[in-house]
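Let's take a friendly walk through a protein fold together. Have a look at the picture first, and then we will go through it piece by piece.

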Amino acid sequence: MAWSAPASAPAPAPARRTDPSLDPRPIPRRSLIPLNDRSHQQVPDGNGYSHAQATRGHKERVITGNRLTSWAFADAFVAEDDALRWARDRAREAGLRSVSPGTGAALRVLAATVDAKAVAEIGTGTGVSGIHLLHGMRPDGVLTTVDPEPEHQQFARQAFRVAGFASNRARFIPGHALDVLPRLADSGYDLVFCDGDRLESLDYLAESLRLLRPGGLVAFEGVFASGRTVDSGPQPTEVIRLRELLRAVRESPELVPSLLPVGDGLLCAVKR
Ligand SMILES: C[S@@+](CC[C@H](N)C(=O)[O-])C[C@H]1O[C@@H](n2cnc3c(N)ncnc32)[C@H](O)[C@@H]1O
């Protein structure tokens, strides 16, 4: 028998809601964290997220101003001392990024958590991250830090001294990471911190897996790339490489991953 339409008229469509507080503008899908779109702040809840979008059937949760303020509070939670300020000033003068105070505090905690005696660092810079790592390591621990720029390492050496670390707590190796890392011992490290050339991130991951003991931890600084990693617009190769790194770490059966939202994003993973 042929199907026929019902004789009765279709029910009228429900009236559109026009109250803007009930019907916020859609969040642009281009960015998960809209920087200048305040519509998501209209229905905040206690935990800093807005459920306005969820009530409209969207899966993404958006970030409120409270959440950003909380992040800023967390990032400044552990105060920095004169040595760190000195190293930061040298980095600023040299046009270098240093890890944020919050990332530095996280690095201390991670180094202490794995009871680090041997840490490898890619990208010494002027020593900001190195000071944080040394504070978290065992008192007899040694930081091996690699950087092709002797001037950066010279500043870091001075900064470590100002921070009160004996000179035998750090081994400075001048050179490019991919030339130096193959000479370091297999399974000889408790933690590897990567903050060198982002284009080489996947190579750093492969080397880290070789260098780490089981239960050791790898951390990558700056994986948010100032928001570009989650931005669907055209991006430079270094951002593409960071996305590949994030996928590789998340999908590796050898790793237990976590992406910490401190500073510019700290990707961490423990080697099984
Ligand atoms: C962002 S800075 C590191 C900042 C440092 N981790 C801190 O927080 O104080 C990046 C450093 O990586 C170094 N670098 C660049 N290419 C590198 C490579 N291929 N291998 C090792 N280090 C590299 C740069 O000379 C620079 O000192």
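Two residues are in contact if their C-beta atoms, placed from the backbone, lie within 7 Å. Keep that in mind for our first stop, and remember too that this is a predicted model.

Start with two helices. Ser201, Leu202 and Leu205 in α8 meet a group of residues in α9, namely Arg241, Leu242, Glu244, Leu245, Ala248 and Val249. Sorted by class, the residues of this contact between α8 and α9 are 6 nonpolar, 1 polar and 2 charged. How are the two helices arranged? Helix α8 covers residues 201-211 and helix α9 covers residues 237-251; they pack at an angle of about 30 degrees, and their axes are 8 Å apart. Angles under 35 degrees count as roughly parallel, so α8 is roughly parallel to α9.

Now turn to the sheet. Strands of a sheet pair through backbone hydrogen bonds, either parallel or antiparallel. Here 7 strands form an open sheet with mixed pairing, and you can trace them in the order β5-β4-β3-β6-β7-β9-β8. Because β5 (170-174) and β8 (255-260) stand at the edges with a single partner strand each, one side of each has no neighbour in the sheet. On average, neighbouring strands of this sheet are turned by 15 degrees against each other, direction ignored.

Let's look at some of the pairs. Strand β3 (residues 118-122) pairs with β4 in the parallel sense over 5 bridges, and Ala118 has Val142 in β4 as its bridge partner. Helix α4 (residues 101-113) packs on the sheet and touches β3, β6 (189-194), β7 (212-221), β8 and β9 (266-271). The direction of α4 makes about 180 degrees with that of β7.

Strand β9 is mostly covered, with 5 of its 6 residues buried. β7 and β9 run antiparallel and are joined by 5 bridges; Ala219 stands opposite Cys268 in β9. β8 and β9 also run antiparallel, joined by 6 bridges, with Leu260 opposite Leu266 in β9. These two strands, β8 and β9, form a hairpin with 5 residues between them, and in the turn Gly263 has a positive phi of about 50 degrees.

Our last stop is the ligand. Which of the 24 residues around the ligand come nearest? They are Gly123, Gly125, Val128, Ala177 and Gly196. The shell around the ligand has 8 nonpolar, 10 polar and 6 charged residues. Both α5 (128-136) and β4 (142-147) supply at least two residues each to this shell.

Terms used:
Residues are numbered from 1 along each chain as its sequence is written. This is a predicted model: local features need pLDDT of at least 70, side-chain atom pairs count only at pLDDT 80 or more; totals for chains, interfaces and linings use all residues. Axes are lines fitted to C-alpha atoms, for helices over the stretch in contact, and angles run from 0 to 180 degrees between N-to-C directions. Helices (H or I, at least four residues) and strands (E, at least two) are DSSP runs, numbered from the N terminus. Angles under 35 degrees count as roughly parallel, over 145 as roughly antiparallel, 65 to 115 as roughly perpendicular and the rest as oblique. Ala, Val, Leu, Ile, Met, Phe, Trp, Tyr, Cys and Pro count as nonpolar, Asp, Glu, Lys and Arg as charged, and the others, Gly among them, as polar. A residue is near a molecule or strand if its C-beta atom, placed from the backbone, lies within 6 Å of it. Two strands pair if DSSP finds at least two bridges between them. A residue is buried if 20 or more other C-beta atoms lie within 10 Å of its own, exposed if 12 or fewer, and partly exposed in between; C-beta atoms are placed from the backbone.
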